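Good morning, and thank you for coming. I shall present one structure today, and I ask you to keep it in view while I speak.

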Amino acid sequence: MVKPVEVVQPETASKKGRFDALFRILRYTFSRGIVLALTVTVGVYLAILIANGGGHVDKIQESLIREQVGLMLAGDPEFIKLPREVRAEINEREVRIRMERLDLDKPFYVRSHRYLLNGLTLNFGQATHLLSDSGSSYVRNILGERLFPTLLLFATGQLLLFFSSVILALFLSRRYGSVIDKIVVALAPTSAAPSWFYGIFLILIFSAVLGWLPFGGIVDTPPPTGLWANILSRLKHLILPASALVISSFFITVYYWRTFFLIYSSEDYVDMAKAKGLSSSVIERRYVLRPTLPTIITSFALTLISMWTGAIILETVFSWPGIGRITYDAINLFDTPVIVGTVVIYAYLLAITVFLLDIIYALVDPRVKLGAGGNRQ
Amino acid sequence: MVAVLLFAVTVGSFASEVPIGTWVDEVVIVLEESAATAITRLQVGDIDVYANTLPDPVIFQMVRNDPTLGYYSAFGSYSEITFNTVGPNFNDGRLNPFNNRRIREAMNILVDREYVAQEVYGGLAAPKLTILNSVFADYARVVEDIKLLETKYAPNQERAEEIISEEMVAMGAERVNGVWHYDGSPVVLTFVIRNEDEQRQGLGDYVASQLEKIGFTVERLYRNGAQANPIWLQSDPWEGQWNLYTGLWGSPVVYRDQGHNFNQMYTDRVMSYPPFQALTPIPELEHLAEVLANKDFTSIEERAEAYGRALELSLQDSPRIFMVDVLGFVPKRAEISVASDLAGQLTGTTLWASTLRRGEEVGGRVTIAIPSVLVNPWNPIAGSNMTWDQFPIRATMDRGITVDPFTGNYWPNRIERAEVYVREGLPVEESLGWVDLEFVEEIVVPEDAWASWDPVEQRFITVAERFPEGVTVERMSRVYFPADFFEKAKWHDGSPVSIGDILFWFIIEFDRGMEGSPIFDESKKSDVQSTLQSFRGFRIVSEDPLVYEWYSNSWALDAEMNVTDLFPLDPNYGKSPWHTLALGMLAEMNEELAFSQDKARKIGAEWLGFQGGPSLPILAKYLEQAIEEGYIPYENALGKYISKEEALTRYNNAKAWYNDKEHFWIGDGPMYLEKAYAVESTIHLKRNPLYSEPADKWSMFDEPRIAEVAVSGPARVNRGKEASFEVEVTFKDEPYKLEHMKEVKFLILDSRGNLITTGMGEPVEDGLFKINLTPEITAQLPIGSNTLDVIAVPLLVGGASFGHINFVTLP
């Protein structure tokens, strides 16, 4: 017996499809959110454990406190005259005060959970050792004051690097084997040297020898009082460190993108488009850029969040007040709240970026769908 | 001589071109962490001074070879090797050779300090046998003893090996194939070597290789400070986690009295760390250490005798052996001159701002780089005492006295004169001519003097209350300020200095450390406890002109250093007027800010900083409140000295200052803070137009006059016949003035280093002394080679200079 065929009306099908899609997206969002939250939590807790050497750092900190107190009291000639037991009492009191200041009077596991909870809720509280440049002990101020200089340098450098290298790479992918292509390929190994290495050279040439640009710092000293003079001064100080950033990665990045575009340029559908007689700009836009867009966007997004990490040595070479140096100082001083602060912010930025990228992929690449079991189709 | 020096100091030159306060108009302090970059910046004129003590011999040669650059020397740090002295066996049975005193003593001759100074430190160090720093006053006081000890402990590896072998065998060890074994296993020495700088690591490697040469197996643990501390400083020495450690000590200022150091370095009385607590010094050394620390002697000669013996015993005991005095340098542009402390360089002296000058120029700007800018918040109660913060702070503060950067003694700055009374029998000496020193049988503290503070009732506690039976003290200083002091001395915001400023400081120093105070801070408690140990009374004799008396049981060898400066009482954190400190008090009472970092953390507030940052809006809020209420801090006690009108005038001055400069760092020094740029790591200081003293007031401290000594005389001396030697004492090839010389001493040693005789050189003229060896003296000389060691002790610098000549004694 032939069963009657249920005919689905187009409108009903469309509504159901939309509902399914919405459900899929919500389900995907929820499950992805859970996974990312768990990843962030585990990552941050691991960072706390590592920063404290699993609690071993407490021993080091106590040792340093006892040394500091001992030296401080030894320098007071009146203290020496006190009876031995009074001296011992004072010594222990001073140690206790400092231990309490650093929260070392509480067991590590208690602190570690508090660090985690505070970090995840973005309530970083007070640093244990570090202060912000203006003297604040709050982690939000310590990191906040360094945010603008960091973004200024790394946004300028990374964006310049990203766009210039992608554009040049596209250009080279059309001129494979040309003289300029060969030059770029030949220069690619120069990126083996880090940015600070180029920074030192740039300082030597443009500051020490030519005297055209400043040795370092973020602005002239003392900073100009006029708005435009101040902005120009900051731009002048930006040139060398940003150039060092760009130069150190420029050729390898161009080489990378140029190879990437070349692979896509040799796809069959590109040859087909060429055979159809489409213009090279149309081919580039529709048949090369479009399918590579998710990769480009991913790279761009990761470039953006990498700005948060700064670059310790480059910042040091140029006396640039960036996040990298403060993180380095925090690690050296075992300042867990600051370490947690930088890690949490980075982890959140990364998680949010990964999450958004999934959505953006679906928008820019018709082959990608969200949900459906959480798998890309 | 004294009159000449005093005249030069107090009057100075009042030539018309001498500006007020400072020679330069502005100083910009900038950040530079890299020494190499700093030198390049100096060479191209981007900065003028790199105010950081550098130990690098390669950079030093670069500076020396560049005619556009110059440098100042700094002698403040010194290295040593610390031994774990417990034993002879650790808990696990391993042998610890350094429990053996003779082995430790022999280590002094196993090492060649001259080699270390030249090869490891590239010449930027001087051999150091004893605890004393060669540019400090005590070194000159006992220099003969040190010279003899240097001869006794001259490097002698064979002898060292012999002694160590004897003792190792006696301890049950045996040498198998050249390697020391104990209980069948090699004797392994664990050497914690600090690796932050090349020289310190090189020192550790050198000592380790010397030990390996005589059969020890050395395990080298290269560690930074944080990693090394738990091992050597905090672990139980009996666990045997370490045997040796490369120590480094620093002196931020030139000390006049290092007598307390024996207590610190050789006994368990001072340092609370386990390796110090485990020390078992020679009983006589332990006794002498206490004698010197407590100044339990009645004459300088008695002290010198105790000192000499303590030095001798300290080498016999040797829980640590000193290696070298590190000779750091501070590079600068050649045309820049500035006072630079012999220990703490220019960051260590309050005189840097007033002496800083570019050639003969008046005005202009000087840029100084330092490796860290704006480290901690500035507040003069318990703010930053970091060197890099104190450096700019010192330019903004004035003091009653000023510390001589070359000798460490005190000169009067705002103070006009002082009288010092000490109990008879105390070996106090006056040397600079501005203090009247008097020895008295008894010093009774007047009943109406203030002896303490009541934090609850907010009133002074008198001597009659604290010591109903009456009390006497060892020392009293009566300090006189000039009649026009309150007219001339002004804070940067224009407010005249008043007696309220001085009394406020006195009160708050006690109040914060006393339970019951609204601003009680537990971290201050120990300090007050320590102060009350010796402080007995403070009395205002006259309010205007200001004259006060300070009664105490603590005293110093130099009469000048017995003068108590209350302007300010504690200069270690800076200085502010009472009207800005009162704002801080209000903020702390309301738990919005705290003077100390400990309390800030405890109450969850920010650490108070007057120079900028999150404190400013809070202070501005309390400024408005203070204006509204006409707030007088400690009104119960200070209401008599501070009127409502004065308070309002001051608060309004501070408000105008804050509106203009956007900070509350108001001082009274020759420069004021124009602005502290936090993120930009820049500090901008400007000349204080309200300052009253001329810029050349301290021009005598433009550079340390370290004497050079040359000895000439006969190559042969006949026994029983007179011989004469000439000693030339110069500075930069110019004769050293006799009035600036304390003395020239000499020692004659035989070829084995035995002392034959000592004596004094006779002054002939500026730069020239004569040493006459009478027939009686030459008759004592052994036949053969002898050495005449000459020690020149100038008044203008802390240490001594040396020269010597060898001659042959004939029958």
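In the hairpin of β34(B) and β35(B), which residue takes a positive phi? The residue is G753(B), with a phi near 85°, and the hairpin has four residues between its strands. Before I go further, please note that this is a predicted model, in which local features need pLDDT of at least 70 and side-chain atom pairs count only at pLDDT 80 or more, while totals for chains, interfaces and linings use all residues. Residues are numbered from 1 along each chain as its sequence is written, and chains are lettered from A and ligands numbered from 1 in the order in which they are written.

Strand β34 of chain B covers residues 741-750 and strand β35 of chain B covers residues 755-760; they pair in the antiparallel sense over five bridges. Two strands are said to pair if DSSP finds at least two bridges between them. Helices (H or I, at least four residues) and strands (E, at least two) are DSSP runs, numbered from the N terminus. One bridge joins K745(B) to its partner M760(B) in β35(B).

I turn now to the backbone. Most residues other than glycine have a negative phi, and most peptide bonds are trans. Y634(B) is not a glycine, yet its phi is positive, about 50°. Y634(B) lies in the loop between α23 (615-629) and α24 (635-638) of chain B. D733(B), also not a glycine, has a positive phi of about 70°, and its place is the loop between β32 (723-731) and β33 (734-735) of chain B.

Is Y634(B) buried or exposed? A residue is buried if 20 or more other C-beta atoms lie within 10 Å of its own, exposed if 12 or fewer, and partly exposed in between, with C-beta atoms placed from the backbone. Y634(B) has 22 other C-beta atoms within 10 Å, and therefore it is buried. D733(B) counts as exposed because it has 8 C-beta neighbours inside 10 Å.

There are also cis peptide bonds to point out. One joins T221(A) and P222(A), with omega about -10°; P222(A) is in the loop between α8 (195-209) and α9 (227-265) of chain A. Another runs from D544(B) to P545(B), with omega near 0°, and P545(B) is found in the loop between β24 (535-542) and β25 (547-552) of chain B.

Next, consider chain A as a whole. How many helices and strands does the secondary structure of chain A contain? The count is 14 helices and zero strands. The radius of gyration, taken over C-alpha atoms, can be set against the globule rule, which is 2.2 Å times the number of residues to the power 0.38. For chain A the radius is 28 Å, well over the 21 Å that the rule gives for 377 residues, so chain A is more spread out than a compact globule. Its C-alpha atoms fill a box of roughly 105 × 75 × 40 Å along the principal axes. Buried residues make up 36% of the 377 residues in chain A.

V270(A) is found in helix α10 (residues 268-275) of chain A. It counts as partly exposed because it has 18 C-beta neighbours inside 10 Å. The C-alpha atoms of V270(A) and V288(A) are separated by 7.6 Å, although these residues are 18 apart along the chain.

How do the chains meet? Residues are in contact if their C-beta atoms, placed from the backbone, lie within 7 Å. By that rule, 43 residues of chain A are in contact with 55 residues of chain B. On the side of chain A that touches chain B, α2 (56-74), α3 (77-80), α4 (84-101) and α6 (139-174) each supply at least two residues. Of these, α2(A) gives the most, with eight residues.

Finally, I come to the domains of chain B, whose bounds come from an automatic or database domain assignment. Chain B is divided into domain 1 (1-68 + 346-378 + 667-702), domain 2 (76-326), domain 3 (387-666) and domain 4 (708-810). The C-alpha centres of domain 2 and domain 4 of chain B lie 32 Å apart. Their contact takes 14 residues from domain 2 and 13 residues from domain 4.

Note on methods
Two residues are in contact if their C-beta atoms, placed from the backbone, lie within 7 Å.
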